[in-house]
Structure formats: C-alpha cells, structure tokens
Amino acid sequence: MIVTVTLNPALDITYTVPELKTGRTHRPQVTAQAGGKGVNVARTLHALGRETVAVLPLGGFDGEAVRAELETARVPHHVIPISGATRRTVTVVETAAPDGLATGFNEAGPELTTEEWAEICASLGTLLETATLDGSAVLVLSGKLPRGLADTAYADLIALADSFGTPTILDTEGPALLAGLAARPAVVKPNAHELLDATGLSDSGQAVAELLQRGARAVVASHGPDGLTAHTADGSWTARPPRIEGGNPTGAGDAAVAALAIGLADGTPWPVTLADAAALSAATVLTDRAGVFDAEAYRRFKAAVTSTATSTVTVDTATATRAVTTDVATSTATETSTATETSTATETSAVTTDVETNTASETAAGTATTGAATDPAPSEAP
Ligand SMILES: Nc1ncnc2c1ncn2[C@@H]1O[C@H](COP(=O)(O)OP(=O)(O)OP(=O)(O)O)[C@@H](O)[C@H]1O
Ligand SMILES: [Mg+2]
C-alpha cells in the first residue's frame with residue numbers, strides 16, 4: 001500500500017481559450033479535477049493498478065468538489081474535514097499561442113489549526129498501522145506545507161512512518177525539505193531548481209552531497225527533459241527519457257515519484273526503478289492532465305529507457321567532509337557498460353522520432369487507454 005499525503009490540495013481548474021486578452025471577457029472551455037502533488041501521485045498509482053490511498057484535508061465547496069471528483073475517478077482517498085476552504089488553482093491555456101501558453105493563478109489555501117493537524121497525524125498513524133499489517137507500505141509526502149504548520153511538519157510525519165517501519169519519499173522544497181532531512185527520509189526528489197534553492201549552492205553535485213549529509217538516504221534529482229539522477233547507498237545512476245517537445249510537464253515529477261514509490265515498495269534495484277521513473281514521467285508529459293499518463297507511450301518508453309551508472313557523490317558523515325564528483329562525462333566506460341544492457345543513445349533517438357511523429361492525436365488516444373485500463377477500486381479508504 002502506498003499512502004500519499006497532500007496537505008494543501010486544490011481544485012485544479014483549466015480554462016482553455018484561443019487567446020487571453022486582459023480587460024476582456026472570455027468564454028472558456030472548462031475542466032476541473034482534484035489536484036495537489038500527492039493526489040497526482042495517487043491518481044497515477046491507481047491507474048497502474050497499485051493499492052494506494054490519498055490522504056488530504058478538505059473544506060468548503062471546493063473541498064466537496066475535490067472529494068466528488070476523486071470518487072468519480074475512483075481514486076481511493078481518506079479525507080480529514082477542516083474548517084478552512086480548499087483552494088483553487090486556475091490555469092488559462094491559450095490554444096492560438098505556440099505550445100499552448102499557460103497562465104496560472106494559484107491560491108494560497110487555508111491555514112490548518114493545531115487540532116486539524118493532530119487529526120491528520122492520528123488518521124495517518126491508523127492508516128500506516130493497517131497498511132503495515134497488510135504488507136509493505138510506503139509513505140509519499142508531496143508539495144509545499146500549508147499555512148499554520150511549522151517547517152518540521154514533514155519531519156514529524158517521517159518519524160511517525162518510521163515508527164511503523166515504513167519508508168518515506170519526500171517531494172517538497174525550501175525549509176520544509178531541509179527540516180524533513182533530519183528525520184532521514186528514504187528518498188527526496190527535488191527538481192533541479194529546488195535542489196539549488198534549498199541548499200543555496202550553485203553546483204548540483206554539491207547540493208546533492210549536502211542533502212545526503214543532512215540525512216537523506218537517497219537523493220533523486222529530476223532535470224526536466226534531461227531525466228533523473230539517483231544518488232543512493234548502492235551507487236549513482238542517470239536515466240534519460242526520450243525528449244518530448246511541446247508537452248505538458250506539470251506533474252511529470254509526481255509521476256516520477258509514483259514510480260519511485262513502486263520501486264521502494266517492491267524492493268526493485270535502483271537502475272530499474274530510475275529507468276521506470278524516466279519512462280512514466282515522460283509518458284505523463286504527453287497528456288494535458290497532471291496525474292494522467294499515455295499508457296501506450298509508457299509501454300514503449302519502458303522498453304527503451306535504461307539507467308547508466310554515473311560517478312558517485314561520496315559523503316563521509318563521520319568527518320563531515322565530502323568528495324563530490326558529479327560530472328557524468330567522467331564516469332568510466334566500465335561503469336557504463338556494466339549498468340547499461342543496450343545502447344541508450346541508439347534507442348533514445350529511435351523513440352524520439354516516434355514521439356515526434358505521434359503528437360496531439362496520440363495524446364488523446366493514450367489518455368483514453370489509461371482510463372480504460374484503470375481497475376475499479378473502492379472510492380473511500382478506511
Ligand atoms: N520535455 C520532456 N521530455 C521528456 N521527459 C520529460 C520532459 N519534461 C520532464 N520530463 C520527465 O519528467 C521528469 C520530471 O520533470 P521535472 O524535473 O520538470 O519535475 P518537477 O519540476 O518536479 O515536476 P512537477 O513538480 O511539476 O511534477 C523528468 O526527470 C523527466 O524524466
Ligand atoms: Mg516537483
């Protein structure tokens with residue numbers, strides 16, 4: 001069971017118009033779905049047929065709309081009712097602009113009270129206890145913290161999961177990420193910007209070393225179209241997906257986190273997990289909805305993407321000194337050939353061609369396939 005937590009969920013509304021003109025009235029096409037990074041992770045896991053539950057505080061009219069959409073989509077969820085009103089995010093997509101120019105309006109969301117936070121922790125404790133009794137569990141903590149919580153809130157939840165022997169993946173940024181490291185999460189998944197921003201460093205290798213030094217057991221950094229790097233106790237790897245031009249990268253990181261959670265739950269070797277994360281996240285870029293991937297493209301990418309061993313980031317925790325070598329180009333031929341079963345370069349270019357020739361229509365068909373492949377599951381978790 002993979003339990004995801006989204007402390008500041010949203011009703012994600014997308015308005016599609018030919019062109020956004022300030023000071024004018026528009027008649028948009030409208031879509032609305034439950035949003036927030038942990039919700040995206042749970043939606044992806046559910047579509048893959050994995051047992052999951054999205055834990056989220058909800059309040060107000062939009063909170064009800066989020067709950068209703070999760071029920072319609074049959075994404076298992078556990079709601080903690082709160083007094084504040086769940087926020088909206090509004091994205092205006094302009095179809096006449098190249099690559100569907102998007103303008104966002106992201107509300108801050110409600111403040112959580114001390115009592116509501118205690119209720120969230122108690123509910124999560126019960127869920128994790130049950131999940132652990134049923135088999136291996138993984139906790140996923142995603143997104144920024146809502147107002148009213150201390151930076152150490154995620155550290156508290158990681159410690160709670162630890163008390164049940166459950167490993168945690170932490171996908172957040174800034175002070176909440178740094179404070180979470182002290183509780184030793186199994187994996188942190190910053191993107192390239194979050195990695196540098198949290199540490200205040202300008203070199204990504206040094207920033208990875210800093211996160212390991214501060215307590216992360218593994219750091220998986222995502223680099224947009226350039227893929228992912230994993231720095232773990234077992235070694236370091238890079239996985240590059242086929243490059244997709246003009247897709248929707250919002251939520252691609254959440255798809256990567258879903259794949260990492262599956263790998264952690266199943267005890268899959270890191271190179272395989274990382275390649276899967278690259279394939280699934282790239283297949284998510286092909287659809288216009290966060291938390292939804294192109295199932296057919298995912299199958300193709302999964303067969304093509306491999307991980308390559310890269311130079312390691314060494315952290316000497318005893319002496320607090322570290323030797324950092326992150327330049328992928330410095331990895332030796334021996335390392336590369338042992339971890340890569342087939343020629344990544346050849347495969348990648350083949351798949352890229354494929355992607356470029358299957359654009360908008362492939363996306364629509366793939367989305368439908370994902371929906372059709374979804375197994376029915378109980379809509380409300382215990
Ligand atoms: N244009 C692209 N082509 C192929 N794959 C992509 C592209 N953009 C992103 N990806 C895949 O998605 C992964 C995650 O992307 P990114 O680093 O942008 O995550 P993120 O900023 O955390 O995303 P979010 O927080 O919106 O979910 C990348 O590591 C890569 O595998
Ligand atoms: Mg992200």
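Reply: This is a predicted model. To begin with a pair of helices, α9 passes α10 in a right-handed crossing.

Me: What makes α9 roughly antiparallel to α10?

Reply: The axes of α9 (residues 270-285) and α10 (residues 295-304) cross at roughly 150°. Angles over 145 degrees count as roughly antiparallel, so α9 is roughly antiparallel to α10. The two axes come within 8 Å.

Me: Which residues of α9 and α10 make the contact?

Reply: From α9 they are D276, A279, L280, A282 and A283, and from α10 they are A297, Y298, F301 and K302. Residues are in contact if their C-beta atoms, placed from the backbone, lie within 7 Å.

Me: Why is α3 called roughly parallel to α4?

Reply: The axes of α3 (residues 114-134) and α4 (residues 153-163) cross at roughly 30° and come within 10 Å. Angles under 35 degrees count as roughly parallel, so that term applies to α3 and α4. The crossing of α3 with α4 is right-handed.

Me: Where do α3 and α4 meet?

Reply: C121, L124, G125 and L128 in α3 meet D156, L157, L160 and A161 in α4. The residues of this contact divide into 6 nonpolar, 1 polar and 1 charged. Gly counts as polar and Asp as charged; G125 and D156 are among the residues that meet.

Terms used:
Residues are numbered from 1 along each chain as its sequence is written. Chains are lettered from A and ligands numbered from 1 in the order in which they are written. This is a predicted model: local features need pLDDT of at least 70, side-chain atom pairs count only at pLDDT 80 or more; totals for chains, interfaces and linings use all residues. Axes are lines fitted to C-alpha atoms, for helices over the stretch in contact, and angles run from 0 to 180 degrees between N-to-C directions. Helices (H or I, at least four residues) and strands (E, at least two) are DSSP runs, numbered from the N terminus. Angles under 35 degrees count as roughly parallel, over 145 as roughly antiparallel, 65 to 115 as roughly perpendicular and the rest as oblique. A crossing is left-handed if the near helix is turned anticlockwise from the far one by less than a right angle, and right-handed if clockwise. Two residues are in contact if their C-beta atoms, placed from the backbone, lie within 7 Å.
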